[in-house]
Amino acid sequence: MFISKLARAGAQLLIKESNIGRYLISRTRLLQGSSRRPFQPGTHFFSTSDDKVHEEGIDQKDKISVTFVDKDGEEKHIKVPIGMSMLEAAHENDIELEGACEGSLACSTCHVIVMDMEHYNKLEDPTDEENDMLDLAFGLTETSRLGCQVIAKPELDGLRLALPVATRNFAVDGFVPKPH
Amino acid sequence: MSIFHAKRAIERSFSTLCRRNPLRVCVVGSGPAGFYTAERMLKAHDRAEVDMIERLPTPFGLVRYGVAPDHPETKIVINQFSRVALNERCSFFGNVNLGSSVSLSELREIYHVVVLAYGAESDRTLGVLGEVCSGIHSAREFVWWYNGHPDCSNMSPDLKSTDTAIVLGQGNVALDVARILLRPTTELATTDIAEHALISLQNSSIRKVCLVGRRGPVQAACTAKELREILGLSTIFIIQEEIKNSRIQRRVYELLCKAATSRPPQPLSGQRELHFIFFRRPDCFLASDCGGKVKGVRLEKTYLKARSSHLTNWLYLCRLVLKSIGYRSVPVEGLPFDDSRGVVPNINGRVLSDKQHNIIENGLYVTGWLKRGPTGIIATNLYDAEETVASISEDLEGVLADDSNSPRPGRDGLLQLLDSRSVQYVPFKGWEEIDLKEKSIGAIKNKPREKITSWEELLRAANT
């Protein structure tokens with residue numbers, strides 16, 4: 001029992017180390033203006049057990065508040081560390097946002113709708129590649145983005161994201177079979 | 001601590017209770033439609049036990065055998081599907097064919113709920129003269145061939161006796177096959193393309209691919225991603241017409257215009273060519289004198305609006321024609337089928353035995369291409385599965401409420417049947433063996449995997 005606790009503590013220490021490293025890398029990339037950052041499944045910038053440490057150690061400003069509004073209109077408020085994508089943030093907080101291609105810009109399953117223009121305008125414009133995928137998203141709106149491409153930054157504090165409603169008549173929503 | 005233990009104990013006893021009277025679900029087909037359905041069923045119903053049966057020894061359907069080898073990112077979804085297959089309430093049975101290994105009526109006896117998600121394994125036909133000439137293939141067969149599908153590994157399309165290939169159709173599958181024909185083989189060599197296809201493409205003499213569409217660029221069925229990709233590869237000549245309307249069409253059109261105007265008017269020597277031919281439809285195929293091999297396609301001009309002017313014909317010489325005009329589902333015995341649309345008649349996934357009177361086949365559902373026809377992307381199946389699972393959930397409260405509480409044999413019944421017919425099924429563990437072997441052979445060649453392309457070898461690798 002004691003040994004396993006000790007091992008767990010050690011493992012957490014290791015995770016913390018690597019998290020900070022990754023966090024710094026992601027910030028540098030952000031500064032370079034690259035918004036295409038592959039999402040790494042199973043790796044976490046901050047695990048939940050680390051949150052306390054960071055809240056104490058690092059300034060609270062390094063996280064922004066984000067609200068996800070799900071298909072039934074229910075709201076979930078989360079804190080997202082700067083540099084983290086909304087896809088990762090959703091997965092860390094058990095929000096049901098699909099990520100079929102795991103953030104490699106090859107699908108549209110992490111489609112989110114930015115709920116106000118003000119925040120939408122603070123995002124960098126979508127790349128051609130992101131637009132190509134948004135073309136195929138269900139329930140596309142003027143303020144639709146891919147969750148994997150929206151990266152937390154201070155200006156986005158208070159961001160509200162809606163998960164598109166999977167309507168029953170999705171077949172008419174841009175997917176009318178083409179006559180041959 | 002004690003509260004935690006108590007909670008665990010309650011959870012455990014609850015799950016045993018569930019397991020004592022499980023909801024037996026069978027999903028036929030293990031492509032995106034099948035896996036998304038299994039995932040949604042497991043999530044929505046704690047007492048659901050899902051068995052997936054699959055004709056091939058390998059899971060993942062078109063993610064493995066449809067997605068082009070140079071699109072590895074699109075295949076990442078396999079990770080998610082594998083997690084579903086490894087769920088303790090989910091089992092995979094490869095090498096089990098609906099029809100010959102087990103019949104639909106048997107499955108409906110054994111399981112409370114049967115969801116058909118076996119897609120479309122055949123092709124639409126053009127119905128024009130000469131369609132049976134050799135050298136004319138469906139794009140599906142060609143895709144299966146380069147993706148190492150065990151049913152098409154012996155196809156060996158002739159890429160050596162011609163410099164021109166005509167692809168009929170301008171959807172994403174048409175762009176995929178054109179890209180594979182034109183892309184430098186050095187770039188394909190590091191993908192999971194089948195070895196036989198790579199060798200054949202390395203020796204290919206094809207320099208020009210013509211994509212023929214009945215209508216204009218605005219009506220083109222492809223999406224911007226695939227178009228952007230192929231335009232990055234080759235020289236292109238296009239005819240432009242029409243105006244843009246929807247978002248996808250506008251962006252596809254803009255890409256084509258840009259490519260047509262920004263490139264030198266003549267192809268550089270040695271450069272391969274991609275021609276977009278709009279407003280033409282195949283009128284007939286011409287056979288060469290010897291052996292009935294195709295030597296050309298005659299195209300006829302089409303108009304967006306009906307016109308009474310007489311037709312002009314163009315003859316394009318070629319020795320290879322790939323028809324990329326759509327897949328088509330195949331019915332099985334005992335399944336209502338709409339022959340004209342090539343789908344199973346249904347309301348939100350509930351199979352209808354009588355379309356006119358909306359009579360529903362209790363406990364039988366459909367999803368994916370078999371439900372809505374062969375269009376859309378992988379994610380389309382997610383929404384499709386959600387709709388079908390919502391119907392199932394509704395019925396479990398309604399018409400299936402009594403029936404789903406009386407036990408059905410489920411997995412044990414299936415295993416008994418398979419055993420009595422000496423069907424050697426491939427469990428998910430068997431696929432993991434295949435996967436491991438393919439990856440280790442691939443590693444030697446700097447490929448993500450080297451696909452095993454014959455039935456015998458697949459079954460051997462699966463250790464069944």
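1. N172(B) sits in helix α7 of chain B, which covers residues 172-182; helices here are DSSP runs of H or I with at least four residues, strands are runs of E with at least two, and both are numbered from the N terminus. The model is predicted: local features need pLDDT of at least 70, side-chain atom pairs count only at pLDDT 80 or more, and totals for chains, interfaces and linings use all residues. Residues are numbered from 1 along each chain as its sequence is written, chains are lettered from A and ligands numbered from 1 in the order in which they are written, and side-chain values use heavy atoms, with hydrogens and water left out.

2. With a relative accessible area of 22%, N172(B) is partly exposed. The classes are buried (under 20% relative accessible area), exposed (over 50%) and partly exposed in between, computed with a 1.4 Å probe on protein chains only. Beyond its neighbours within four places in sequence, N172(B) is in contact with C222(B), T223(B) and E226(B), where contact means heavy atoms within 4.5 Å.

3. V173(B) also belongs to helix α7 of chain B. This residue is partly exposed, at 27% relative accessible area. Its contacts, leaving aside neighbours within four places in sequence, are A139(B), V143(B), S324(B) and Y327(B).

4. UniProt positions are given in the numbering used here, feature names are shortened, and annotations may be inferred rather than shown by experiment. One of the listed residues, E226(B), is among the contacts of N172(B) given above.

5. UniProt (unreviewed entry) also places the feature "binding site" at A33(B), E54(B), L62(B), L98(B), W369(B), G376(B), I377(B) and I378(B). These positions span 346 residues in sequence and their farthest two C-alpha atoms are 25.0 Å apart, so they do not all gather at one spot.

6. Not counting residues up to four places away in sequence, L98(B) touches V28(B), S103(B), L104(B), L107(B), L116(B), Y118(B) and V332(B).

7. I378(B) is in the loop between α12 (369-372) and α13 (380-397) of chain B. Apart from neighbours within four places in sequence, I378(B) is in contact with P32(B), Y36(B), V63(B), V67(B), T74(B) and V77(B).

8. Chain A has five helices and five strands, in the order α-α-β-β-α-β-α-α-β-β along the sequence. Of its 180 residues, 43% are buried. Among contacts in chain A between residues at least 6 apart in sequence, 65% join residues at least 24 apart.

9. At the interface, 30 residues of chain A are in contact with 41 residues of chain B. The buried area is about 3,100 Å², with carbon and sulfur atoms giving 55%; buried area is the accessible area (1.4 Å probe) that two parts lose on being put together, summed over both.

10. The rule finds five salt bridges between chain A and chain B, a salt bridge being a side-chain nitrogen of Lys or Arg within 4 Å of a carboxyl oxygen of Asp or Glu. Among them, K43(B) and E96(A) meet at 3.8 Å, N to O. The side of chain A that touches chain B has 14 nonpolar, six polar and 10 charged residues. Here Ala, Val, Leu, Ile, Met, Phe, Trp, Tyr, Cys and Pro count as nonpolar, Asp, Glu, Lys and Arg as charged, and the others, Gly among them, as polar.
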